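Dear colleague,

I am passing on the structure below, and I would be glad if you could look through it alongside my notes. They begin with the overall picture and then turn to the aromatic side chains and the surface.

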Amino acid sequence: MLTDIVAPAVAGVVAGLGVAMPLGAVAALLLREGLVNGFRTAAAGAAGVATVDLFYCLVAALTGATFAPAVDDHRGVFLLASGVLIVAIGVRQLWQGVRQPPPHALDVERASAPATFGRFVGLTAINPVTLVYFIALSGAVTHSGISWIGSVIFVAAVGGSSFAWQLLLAWVGSALGGALSRNATRAIGVIASLLIVTLGAIVVANGVAALC
């Protein structure tokens, strides 16, 4: 019984961190969110990312590896859509960062937590790599003979570890933002936006390559 609890929990933590820790475009966006808009708003974004990870893991645990080939066949389309969206967000944030704000404009233009949550849900949901990753891993776990309790523990551990890592990124961004002057925060925000545009362009290129 102990094995049915510990093994899925450990596997879930490893799976959650495995998909969350690579520093891609979503992670860069989350760091910038904390830098510019503070921990509360960035935490909402972290919750959005973890929610999608949890949902995808649940779908994968219920279906195993059944839909992995179908998702992988359309990977190029998903990558292209994801890359275009990331570039658009990066360009918008870059424009907001380089223009001269009026006094106290940064306080007025702060994004709301619900809007940030929805934005990060959308960005994470259209990433096919996340879904295929969970389907492949969860398929192995669910077909290893563990009980349904083990599957529930696995899914919960994935969501918890993913959320913990995303919260760490949100905190790092907000801590840097709180320790810097407004001009320094703006400068780093511009650099982060350029990085996001670059990462988005790479995703677009990968999507085009996958379609060719």
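A residue is called buried when its relative accessible area is under 20%, exposed when it is over 50%, and partly exposed in between (1.4 Å probe, protein chains only). On that basis, 39% of the 212 residues in the protein are buried. Please note that this is a predicted model, in which local features need pLDDT of at least 70 and side-chain atom pairs count only at pLDDT 80 or more, whereas totals for chains, interfaces and linings use all residues. Residues are numbered from 1 along each chain as its sequence is written, and side-chain values use heavy atoms, with hydrogens and water left out.

The protein has ten helices and zero strands (DSSP runs numbered from the N terminus, H or I of at least four residues for helices and E of at least two for strands).

One aromatic pair turns up in a search of the whole structure (ring centres within 6.5 Å, taking the six-membered ring for Trp; planes under 30 degrees apart are stacked, over 60 edge-to-face and the rest tilted). The ring centres of Phe 55 and Tyr 56 lie 6.2 Å apart with their planes at 40°, so this pair is tilted. Phe 55 is partly exposed at 48% relative accessibility, while Tyr 56 is buried at 12%.

Phe 39, which lies in helix H3 (residues 39–63), is partly exposed, with 38% relative accessibility.
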